[in-house]
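Welcome to a short tour of a two-chain model. Have the structure open beside you as you read, and follow along one part at a time.

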Amino acid sequence: MAAYQDNFFTRGPSPLARLTFFGLAAIAIMIADHRFQALGIVRVAVSSVLTPIEHALMWPGQVARDIGEYFVSKDRLLAENRALNDRVLKLAAEGQRATLLAAEQANIEAVQQANARFQRDGVVAEIIRDARNPFARKVIINRGYSHGLKPGAAVIDGTGVVGQVTSLGATSAEVTLTTEKDQSVPVMVLRTTLVAAPTTPSGAPLLAAQSSATPPADLAASSTAAGDAVAAKVPAPVAAAVVETKAGLRAIAVGTGRDGTIDLPFIPVAADVQVGDQLVTSGIDGTYPAGLLVATVTVVDKNPAFSFARIVAQPASAPDHFRFVKVLQPADKATAYPTPDAGVGDKSSADKTASKRDAKLEAKRALRENR
Amino acid sequence: MRLVLGSLLVALLLNLLPWSGWALLLKPDFLLLVVLYWAVHESRSVGQTWGFAFGLLMDVADSALLGQHALVYVVAIFLTQQLRIRMLHLRLFEQALHVAGILFVAQLIYIGLNLSLGRDFAGLALLFGPAVGALLWTPLHAIAVLPRFRRRGETVML
């Protein structure tokens with residue numbers, strides 16, 4: 001039998017040697033991919049071959065769905081049409097207000113020489129399938145770099161932020177959802193953002209006055225990391241005062257890896273967060289434009305035994321219900337990190353910091369290219 | 001050889017179907033199953049090199065970390081090569097039990113790799129994928145010997 005002969009005349013290295021070789025090669029590739037993101041080009045090359053095949057495989061399902069849609073009842077279409085009409089009317093009013101706000105914003109930006117935070121253009125894409133990886137919350141859309149998409153672009157649907165473009169093919173892109181484990185979005189609490197007037201919290205008027213007098217409070221609220229540092233140093237009531245006198249609590253929404261939940265870690269127990277609060281993007285990362293709805297707070301568990309509250313939110317978008325999403329192009333330049341000597345109103349120092357900022361960005365870019 | 005390539009291609013296409021939800025968790029890795037089949041029956045040509053190449057292909061297709069399927073496939077083929085001669089003496093049902101064991105080890109490596117990357121366990125259903133795969137071993141054998149059976153008119157021992 002052929003089965004026996006094979007073993008008498010084995011060619012090349014032994015199975016164990018092969019296993020060692022290929023095993024090490026696989027591990028090396030994993031490290032190269034995970035640690036250094038070095039194999040993006042291999043991914044793009046292989047995926048450009050696979051994508052047409054996958055598109056072809058989508059076809060039977062697509063046909064079935066199209067046929068199903070053809071026989072949709074008239075009632076449902078009418079109801080849908082009415083809902084959409086209502087929405088158009090509502091959005092028309094909001095759109096007009098937004099035009100006004102955008103004009104004001106442009107004015108302010110011209111004065112402050114700040115980077116534009118609001119994005120106008122986007123690419124509409126269709127979600128074609130889930131990623132076939134049971135460990136990842138990702139969807140595949142039918143637009144890629146040939147349609148002008150850029151890595152890192154924010155993706156939204158009709159209700160809120162869906163996620164971020166994390167991998168690009170020629171005609172398809174992979175969108176990592178906000179619920180993916182450790183996927184983070186900088187957010188702020190909309191309710192406290194709208195109340196711009198600094199209110200003195202009852203019970204700690206003196207502390208509040210103190211905190212509003214000290215300038216670092218401004219910086220502290222601008223990022224959670226800095227806010228935590230302050231919260232760790234000072235007793236809880238002061239931290240509360242710092243937060244409450246600011247317009248808008250900033251935080252980072254972090255995905256949990258489970259469907260339908262987003263965590264809000266590192267929020268002090270005394271912070272002003274309530275069930276039902278809407279979390280919108282704060283725009284400080286330069287990736288997500290400010291003001292997009294990310295999630296709604298569902299659980300606020302303030303246990304004084306811990307230094308941070310346990311806050312869980314439900315994502316606003318429902319990528320399994322929507323077929324179409326919009327990819328917003330990221331800003332060309334991220335908002336620069338504030339330097340300590342960036343004086344307000346002092347023109348020459350502002351220019352200086354601007355040039356310094358550019359030099360820093362250049363250095364960063366060079367570093368990235370060297371990688 | 002045409003049969004080998006063709007069946008591998010079909011298995012790849014099956015893997016590339018838009019699986020999701022429960023089906024995704026329960027889905028056996030068709031490609032791995034067919035590669036293992038040929039590692040038993042065409043051990044001269046199909047070996048770890050093929051497993052490595054197809055593994056990388058699946059990594060890209062599944063948008064997983066590059067190399068994890070490759071490692072899983074190579075280890076599974078190594079185990080199959082060790083058990084191969086023994087399996088050829090057994091009946092199909094007993095072969096399938098061996099395959100279930102190999103697929104289970106492969107799945108454990110896959111899950112372990114993903115957990116070590118800090119991901120959450122996706123669900124217990126993942127552990128049943130290998131069993132489903134092993135159930136497919138007999139039909140797979142039947143399909144694979146069908147052309148030979150027809151051409152030569154031989155009786156094939158099932």
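## The two chains

In chain B, 45% of the 158 residues are buried. Please keep in mind that everything here comes from a predicted model. Chain A is built from 10 helices and 13 strands.

Here are the two chains side by side.

| Chain | Residues and share buried | Contacts at least 6 apart in sequence that join residues at least 24 apart |
|---|---|---|
| Chain B | 158 residues, 45% buried | 63% |
| Chain A | 371 residues, 29% buried | 65% |

## Where the chains touch

How many residues of chain B are in contact with chain A? There are 36 of them, and they meet 39 residues of chain A. On the chain B side, the elements that give two or more residues are α1 (2-16), α2 (22-26), α4 (48-61) and α5 (68-88). The top contributor is α5(B), with nine residues. Sorted by class, this side of chain B has 23 nonpolar, nine polar and four charged residues.

The largest nonpolar core has 50 residues, and the members that touch the most others are Val34(B), Val35(B), Leu36(B), Tyr73(B), Val74(B) and Ala76(B). Leaving out residues up to four places away in sequence, Val74(B) touches Leu19(A), Phe22(A), Gly23(A) and Ala26(A) in chain A, and Gln48(B), Gly51(B), Phe52(B) and Gly55(B) in chain B. A second, separate core has 46 residues, including Val165(A), Val189(A), Tyr288(A) and Val325(A). As background, nonpolar side chains tend to be buried together in soluble globular proteins.

## Helix α6 of chain B

Now turn to α6(B), which has 25 residues. At 1.5 Å a residue, α6(B) should span 36 Å, and this agrees with its end C-alpha atoms, which are 36 Å apart. Which residues of α6(B) are buried? They are Gln95(B), Ala96(B), His98(B), Val99(B), Ile102(B), Leu103(B), Ala106(B), Gln107(B), Tyr110(B), Leu113(B) and Asn114(B). Just after α6(B), Gly118(B) takes a positive phi of about 90°.

## Strands of chain A

In chain A, strand β6 (residues 184-189) and strand β10 (residues 278-281) run antiparallel, joined by three bridges. Within this pair, Val187(A) has Thr281(A) as its bridge partner. Strand β10(A) also pairs with β11 (residues 293-301) in the antiparallel sense, again over three bridges. There, Val280(A) is partnered by Leu293(A).

One more residue deserves a look: Ile156(A), which sits in strand β3 (residues 154-156) of chain A. Is Ile156(A) buried or exposed? Ile156(A) counts as buried because 22 other C-beta atoms lie within 10 Å, where 20 or more are needed. Setting aside residues up to four places away in sequence, Ile156(A) touches Val161(A), Val162(A), Leu292(A), Val325(A), Lys326(A) and Leu328(A). The C-alpha atoms of Ile156(A) and Phe324(A) are separated by 9.2 Å, although these residues are 168 residues apart along the chain.

Notes
Residues are numbered from 1 along each chain as its sequence is written. Chains are lettered from A and ligands numbered from 1 in the order in which they are written. This is a predicted model: local features need pLDDT of at least 70, side-chain atom pairs count only at pLDDT 80 or more; totals for chains, interfaces and linings use all residues. Two residues are in contact if their C-beta atoms, placed from the backbone, lie within 7 Å. Helices (H or I, at least four residues) and strands (E, at least two) are DSSP runs, numbered from the N terminus. Ala, Val, Leu, Ile, Met, Phe, Trp, Tyr, Cys and Pro count as nonpolar, Asp, Glu, Lys and Arg as charged, and the others, Gly among them, as polar. Two strands pair if DSSP finds at least two bridges between them. A nonpolar core is a set of buried Ala, Val, Leu, Ile, Met, Phe, Trp, Tyr and Cys residues joined through C-beta atoms within 7 Å. A residue is buried if 20 or more other C-beta atoms lie within 10 Å of its own, exposed if 12 or fewer, and partly exposed in between; C-beta atoms are placed from the backbone. The expected span of a helix is 1.5 Å times one less than its number of residues.
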